[in-house]
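These notebook entries record what I looked up, in the order in which I looked. The sequence and the structure come before the entries.

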Amino acid sequence: MRFSVATLAAGVPLSAAFAVDSGQKSLGFDHKPKGTTTKGEKNSPNIVFILTDDQDLHLQSLDYLPLLKKHLADEGTTYKRHYCTTAICCPARVSLWTGKQAHNTNVTDVSPPYGGYPKFISQGFNEAYLPVWLQKAGYDTYYTGKLFNAHTVDNYDSPYIAGWNGSDFLLDPYTYSYLNATFQRNRDPPVSYEGQYSVDVLAKKAYGFLDKAAKNVHNRPFFLGIAPIAPHSNVEPRFPSSSSSSSSSSDPATLHRRPTNAHDDIEKSVSFTPPIPAARHAHLFPDVIVPRTPHFNPSSRASGVSWIARLPHQSAENVAFNDHFYRQRLRALQSVDELVAGVVARLERHGLLENTYVFYTADNGYHIGQHRLQPGKECGFEEDINVPLIVRGPGVKRGEVAEVVTSHVDLAPTVLKLAGALGDKERKEEEEEYGLDGEAIPLTAEDLAQAKAKGKRHEHVTVEYWGFAVSEGRVFEKDATRFWTNNTYKAVRILGERYNMYYSVWCSGEHELYDLQTDRYQLNNLLDPSSLATGKTPATLLGVPVQKVVARLDSLLFVLKSCKGKTCIRPWEALHPAGNVHNLHDALSSRFDSFYEKEQKRVEFDRCERGYIVEAEGPQFETDGLVYRDGHRWDQWV
């Protein structure tokens, strides 16, 4: 049986608006009876958290989601400067649900030994992440969809995931099979949904959990996580036999394993294709193409460093395929758009909408053709790290676009604060137990105004990545590869009143600095050796020599690459314990020149590794870094 989700577009079902006869039946939504309310609206707020997979912000995907705009963006606040901290699924999700940077979770990949569900378990997070904390705070918790990679039909019960009153998880190796998904409900065995559209199956499960939560909301508020796979690429496991059903005995590790070297042919195990939309959406956007921005498949020269700087110019055939890939992503997202409308309609029907926060974000961003990159993520460019975040709920300003800097490690603190589990003096011990690297996101107009005040909120995002980069598109060039090794780097994204920059250090020893005030598309690396040699790099930045800015950014990154807790939020205080430096502008004072340019250690790697191994990470601020206080090391000062 095929499921579809009815939608509302200016009061008209979307399927009717697009006039497509797919033979599918609508799940429909019920509307709230007039005058209904619930006791739950007077208590702690309910929270719905929608997490898409690989959804871009910079490729304009939000422009094609009218129901999301109607029900969330127009009714809430869009955070235009929201970032993931590691641009790949599992590490980003673990950081989101724990409130910790990837170097503190040590979940840095999608599969063992450096990542995936087994690593999440071995690191002890099954007893220490958001749903567990919410249950302790008095919440019922529910989840359906993708939680982590390498959560498989073989290991789902070894152990079961903790923290959920009700769950229905997508499992590998069928997580990314749009028409052959496998779900596993509570403690039941996995069930195959072969032939049914994954996002529609998930929508029905989400609505069921929402209805169940609503029945008990007068006793306990609820948190509902909904995680569709769209618009991730379609990935099918390749089995030795002709069978591809979930009952196959083939190794489920085929889907989530990563290559072991540059020549590893993972395509023998899995097949990458563009996302598959629901049949009712397959005809949409026939003429849409990837936005032709200046950094789209640049013809003059490649940009970036390391393997990115060596990418070839894409052929017309390649570009045409990538345009098709882009359209398929937009089409796949239409089911998510319908899902959003369905959730809001049910909240309204149950009389819960006015006391429910709805969050919408993505685990990481995506690129298609920018900087000559094939479809994928895992880079530090804006397309990969700057992701959608929209929030509606009590006190959230409607139709607002906020410019405060936020990241995924701020989301767990935000939810905990809403639940009353953070910020309460009586809960100080629990707050220490959380070990959060982020701070709650300002949601109300008053909070946003306070955040704009100097020194009231951080202006940086810590970005980090280890291991491989993978192309999810088609390989066109002869002898071209789908994988690149040594995609390991540390970076800091900093956005202040007068500056907008990205600084990175790679395990290869290469450096990047982009001034996004003047170079929005990150085409001009100010630290490119060829540009420096030919004088193409400007001599000054922010009114001082470029190297003065670099020295400050490097020191900031030196703190952030191994920070924990408050130091991740207030890194300048670690460098200046006197508390007289709050941002980059303050740090540029000439009295600190010697400290930053001559005395402080530099960020560097001892070697490239596929995961977080401290011995490979070079000097550590906690043992080697200096503070501006009589030249003491950080460990001596604290």
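This is a predicted model: local features need pLDDT of at least 70, side-chain atom pairs count only at pLDDT 80 or more; totals for chains, interfaces and linings use all residues.

**Entry 1: helix 15.** I then checked the length of helix 15, which runs over residues 546–560. At 1.5 Å a residue, its 15 residues should span 21 Å, and I found its end C-alpha atoms 21 Å apart, which agrees.

**Entry 2: the whole chain.** I turned next to the chain as a whole. It has 21 helices and 24 strands. Of its 638 residues, 62% count as buried. I also looked up the contacts in the chain with a separation of 6 or more: residues 24 or more positions apart account for 72% of them.

**Entry 3: helix 7 and helix 9.** Two packed helices are described by the angle between their axes and the distance between the axes. I looked up both values for helix 7 (residues 198–215) and helix 9 (residues 316–349): the angle is about 15°, and the axes are 10 Å apart. An angle under 35 degrees counts as roughly parallel, so helix 7 is roughly parallel to helix 9. The crossing of helix 7 past helix 9 is right-handed.

I then asked which residues meet. On the side of helix 7 I listed Val199, Asp200, Leu202, Ala203, Tyr207, Leu210 and Asp211. Their partners in helix 9 include Ser335, Val336, Glu338, Leu339 and Gly342. Sorted by class, the contact of helix 7 with helix 9 has 9 nonpolar, 2 polar and 5 charged residues.

**Entry 4: cis peptide bonds.** The bond from Ser158 to Pro159 is cis, with omega near -5°. I located Pro159 in the loop between strand 6 (140–145) and strand 7 (166–170). The bond from Asp172 to Pro173 is also cis, with omega near 10°. Pro173 has its place in the loop between strand 7 and strand 8 (180–185).

**Entry 5: positive phi.** Where does Gln60 lie? I found Gln60 in the loop between strand 3 (46–52) and helix 2 (66–73). Gln60 is not a glycine, although its phi is positive, at about 75°. With a relative accessible area of 35%, Gln60 is partly exposed. Asn106, not a glycine either, has a positive phi of about 60°. I placed Asn106 in the loop between helix 4 (102–105) and helix 5 (116–122).

Note on methods
Residues are numbered from 1 along each chain as its sequence is written. Side-chain values use heavy atoms; hydrogens and water are left out. Helices (H or I, at least four residues) and strands (E, at least two) are DSSP runs, numbered from the N terminus. The expected span of a helix is 1.5 Å times one less than its number of residues. Axes are lines fitted to C-alpha atoms, for helices over the stretch in contact, and angles run from 0 to 180 degrees between N-to-C directions. Angles under 35 degrees count as roughly parallel, over 145 as roughly antiparallel, 65 to 115 as roughly perpendicular and the rest as oblique. A crossing is left-handed if the near helix is turned anticlockwise from the far one by less than a right angle, and right-handed if clockwise. Contact means heavy atoms within 4.5 Å. Ala, Val, Leu, Ile, Met, Phe, Trp, Tyr, Cys and Pro count as nonpolar, Asp, Glu, Lys and Arg as charged, and the others, Gly among them, as polar. Buried means under 20% relative accessible area, exposed over 50%, partly exposed in between (1.4 Å probe, protein chains only).
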